[in-house]
Amino acid sequence: MQGHNNTILVVGGGSWATANIKMLLDNTTEKKVFWWMRNEHAVEHLHKFGHNPSYLSSVEVKLPASHISTHLKSLLEQAEFVLLNVPAAFLKDALKGTTPADLAGKKIISAIKGIVPDENLIIGEFMHKYYEIPLDHFLVISGPCHAEEVALEKLSYLTIASPDTELATRFASMLSTRYIKTVVSEDIYGTEYAAVLKNIYAVASGICHGIGYGDNFQSVLISNAIREMKDFTDAVHPIERDIKESAYLGDLLVTAYSQFSRNRTFGNMIGKGYTVTSAQLEMNMVAEGYYAVNCLHQVNKQYKVNMPICEAVYRILYKKRSPIHEMKFLAEQLS
Ligand SMILES: NC(=O)C1=CN([C@@H]2O[C@H](COP(=O)(O)OP(=O)(O)OC[C@H]3O[C@@H](n4cnc5c(N)ncnc54)[C@H](OP(=O)(O)O)[C@@H]3O)[C@@H](O)[C@H]2O)C=CC1
Ligand SMILES: O=C(CO)COP(=O)(O)O
């Protein structure tokens with residue numbers, strides 16, 4: 001049983017999970033950090049050498065061996081906070097065998113920027129529906145922040161969203177460091193959906209770059225993308241929201257332009273003529289936008305928001321339409 005014990009379990013073994021572990025360990029608030037990942041070899045490597053062998057391997061992880069394991073149930077017992085950090089497509093797999101009782105009373109934080117495939121639910125909705133997590137026990141970590149830059153301790157800003165802003169502020173105080181500034185928000189729906197959408201727009205940006213469009217066109221694409229994002233988030237959860245804040249516009253910009261973006265890299269390969277499978281094989285990491293655009297296409301059947309950029313990416317990735325033709329068609333609709 002856990003009260004306010006500042007015990008955080010990070011679930012996931014990829015780059016963002018490793019970056020989150022670093023932030024939590026560099027932050028000086030008294031706390032206990034536990035880490036679950038599926039890969040036994042990576043756990044052994046961390047026990048022996050204090051580095052994740054496959055992702056952000058320069059990051060030093062100083063945790064007792066008993067705090068890093070592949071056994072989720074036993075790690076869950078003491079946790080006050082459970083920080084979900086696997087790609088959305090693998091969340092069900094990661095939580096297999098976990099019941100609502102195992103998560104009862106815990107605060108769930110999503111650092112995932114994706115939708116659960118087949119369910120077409122963002123993470124807060126999924127955890128509420130299948131694990132009975134009340135929304136005021138749910139938090140989102142988002143904002144323009146690449147794991148690679150966290151590893152380099154480059155100044156970054158994160159948004160912590162929760163309907164319970166006191167809780168969000170408490171968690172933010174366990175994450176902030178010299179190089180991490182935090183902002184608190186109440187907008188869990190807008191923050192989650194904006195993160196999902198910006199991945200799709202970054203795929204679009206990469207496709208255009210791969211085809212040969214230049215910076216002039218990219219800027220028009222992204223200007224239209226932020227309007228599309230605003231229309232969709234307003235339709236799903238209409239509250240007073242400034243789309244220019246860093247969790248919305250900021251994350252769109254960094255993902256659409258950064259050399260570190262997996263979504264942009266994936267899109268670039270598609271624009272250059274790679275198939276989806278060959279582009280995925282080429283990358284050791286996951287581009288959430290690929291899965292998200294299919295889910296978003298389904299979700300938007302309900303809202304019917306005009307989303308020409310998402311639709312173009314959907315047809316390219318799921319209907320095997322030519323990137324050149326689709327982007328030419330899209331270009332006619334942008335302004
Ligand atoms: N990277 C970043 O800069 C940021 C990422 N995010 C978000 O964080 C989330 C996690 O992404 P990230 O850490 O970058 O992931 P990575 O792409 O770095 O790593 C992929 C992760 O997925 C796991 N995985 C791959 N295939 C499967 C499978 N079939 N079943 C279960 N797990 C699998 C891998 O485990 P294994 O190694 O065992 O194969 C690995 O832990 C995503 O939603 C992403 O959008 C958010 C902000 C920044
Ligand atoms: O969310 C991110 C930066 O804020 C990471 O984006 P990518 O998954 O495209 O690398």
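## Exercises on two ligand shells

The residues of the shell around ligand 2 fall into five nonpolar, five polar and four charged, where Ala, Val, Leu, Ile, Met, Phe, Trp, Tyr, Cys and Pro count as nonpolar, Asp, Glu, Lys and Arg as charged, and the others, Gly among them, as polar. The structure is a predicted model, in which local features need pLDDT of at least 70 and side-chain atom pairs count only at pLDDT 80 or more, while totals for chains, interfaces and linings use all residues. Residues are numbered from 1 along each chain as its sequence is written, and chains are lettered from A and ligands numbered from 1 in the order in which they are written.

**Exercise 1.** Describe where the shell around ligand 2 comes from.

*Solution.* Begin with the residues: of the 14 around ligand 2, C145, T255, S261, R262 and N263 come nearest, a residue being near if its C-beta atom, placed from the backbone, lies within 6 Å of the molecule. Next, assign helices, which are DSSP runs of H or I with at least four residues, numbered from the N terminus, as are strands (E, at least two): α9 (188–211), α11 (246–257) and α12 (262–271) each supply at least two residues, and α11 gives the most, with three. Finally, at least three residues are drawn from each of domain 1 (7–186) and domain 2 (196–333), bounds that come from an automatic or database domain assignment.

**Exercise 2.** Locate F90 and R262, and decide for each whether it is buried, partly exposed or exposed.

*Solution.* UniProt, in an unreviewed entry, lists F90, A147 and R262 under "binding site"; such annotations may be inferred rather than shown by experiment. F90 sits in the loop between β4 (81–84) and α4 (91–94), and because it has 17 C-beta neighbours inside 10 Å, F90 counts as partly exposed. The cut-offs are 20 or more other C-beta atoms within 10 Å for buried, 12 or fewer for exposed, and partly exposed in between, with C-beta atoms placed from the backbone. R262 lies in helix α12 and is buried, because 24 other C-beta atoms are within 10 Å.
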